[in-house]
Amino acid sequence: MIQSALIEENIQCNRDTRIDVFRALALLTVFINHIPDTVYEHFTHRNFGFSDSAEACVLISGIAFGLSHRCNTDSYLRIGCRAFTLYTAHILMTLVTLAIFCGAALFMHHPEFFSMINIEPVIREPAKAFFGIVTLGHQLGYNNILSLYVILMLTTPLMLFLIRVNTSLLLILSGTLYLLAGLFHIAPPNYPTKGVWFLNPLSWQFLFAIGLSATIHIKRHGKIPYHPVLLVGAAGYLVLSCIWVRWNLWWIDISLGLPRTLTGFNKTYISLPRLVHILSLAYVITVIPTFSSIAQTSRRNPLAVLGRHSLPVFITGTMFSMVAQVLKKINVRDILYDTLLITIGIIIQLVLAYYLEWLDTINRQEKNNEKKKYLMHSD
């Protein structure tokens, strides 16, 4: 009986680390990209293709929810709690970022920080701006991906319901919404400023739905189809996009008269070239075992540990990147300084992740002991 009670714990210990490793790589890329003008941002994968770490994070999130989904009331309640957690984290990050930049402007005598990363509306119209912050209508630069995740979490129960009916139905409806949003420029509006959300959830939900649907399809004993033509096409597209980016071929018009939100390289509406790029990358990694097996590591691997604690690691990395932006603005900028900032930031994230891992180990041991005591008494 004791052994049966510990099955869930054993499954957790044998967890496939690939999703954690890829998520950690995406998080570290986000961190580096959130400190502009460092030498290291030139080596992140956005410099070698059309998509960047944002697309990778959203696709991985869809895959992760597909792995852990349960179509029951408890699962829906947990998703609702997750959405609330993400919302509070977003608000906290926004307030801390405001404090960092406003503090630098006030106490370091650099008033230009008041006009950076969309802070100026908060200074100019604080009442409207704070209403916009709470209602997600006003988002600061580098602090706008969690608001997207809030909407994705709120729509996940509907996606899971549609998958129970028919997986193809979810993809058809999600794809239709994606096309309509891109064709007619439909997106949540900003407030109090003009424009729309930087990451439009009506568009980005399609990428999340693809990851979710593909994973559940595999869990139902389906397979991702392998075909040499598909593999060559995906790999060729990755090479083409790399050449396009490295040779600055952005001047070539591929719109064919269609809205550039669909055929250009627009991030707000995750235009088709960006969408196809991240899907091509995921396909190549999936169908070539060598690539995915590299990410199969020990649970104690630093990347695996980082990926298991993605939200606190992301929040910590983002907050440190905001501090690093301030420091880079007021201090000398060279490769040694960039290296120091990036290294300190990664070390802080690793220390946090291992601390959280230690707490999880302690909690599992306590629960394990409680189960043993309960089962021994029940015998």
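Start by selecting Q139, which counts as buried because its relative accessibility is 10% (buried means under 20% relative accessible area, exposed over 50% and partly exposed in between, with a 1.4 Å probe and protein chains only). This is a predicted model, in which local features need pLDDT of at least 70, side-chain atom pairs count only at pLDDT 80 or more, and totals for chains, interfaces and linings use all residues. Residues are numbered from 1 along each chain as its sequence is written, and side-chain values use heavy atoms, with hydrogens and water left out.

Q139 lies in the loop between α7 (126-134) and α8 (145-165), where helices are DSSP runs of H or I with at least four residues, numbered from the N terminus. Now display its surroundings: not counting residues up to four places away in sequence, Q139 touches H90, N118, N144, S147 and W197, a contact being heavy atoms within 4.5 Å. With S147, the side chain of Q139 makes a side-chain to side-chain polar contact at 3.3 Å (a pair of N or O atoms within 3.5 Å; within protein, one must be able to donate a hydrogen and the other to accept it, and residues adjacent in sequence count only if both atoms are side-chain atoms).

Next, follow α8 to T155, where a kink of about 40 degrees lies shortly before the proline P157; the bend is the angle between axes fitted to the seven residues ending there and the seven starting there.

Finally, select T97 in helix α5 (residues 73-107), which is buried with a relative accessible area of 0%. Leaving aside neighbours within four places in sequence, T97 is in contact with I117, L140, N143, M319 and M322.

Definitions and conventions: Helices (H or I, at least four residues) and strands (E, at least two) are DSSP runs, numbered from the N terminus.
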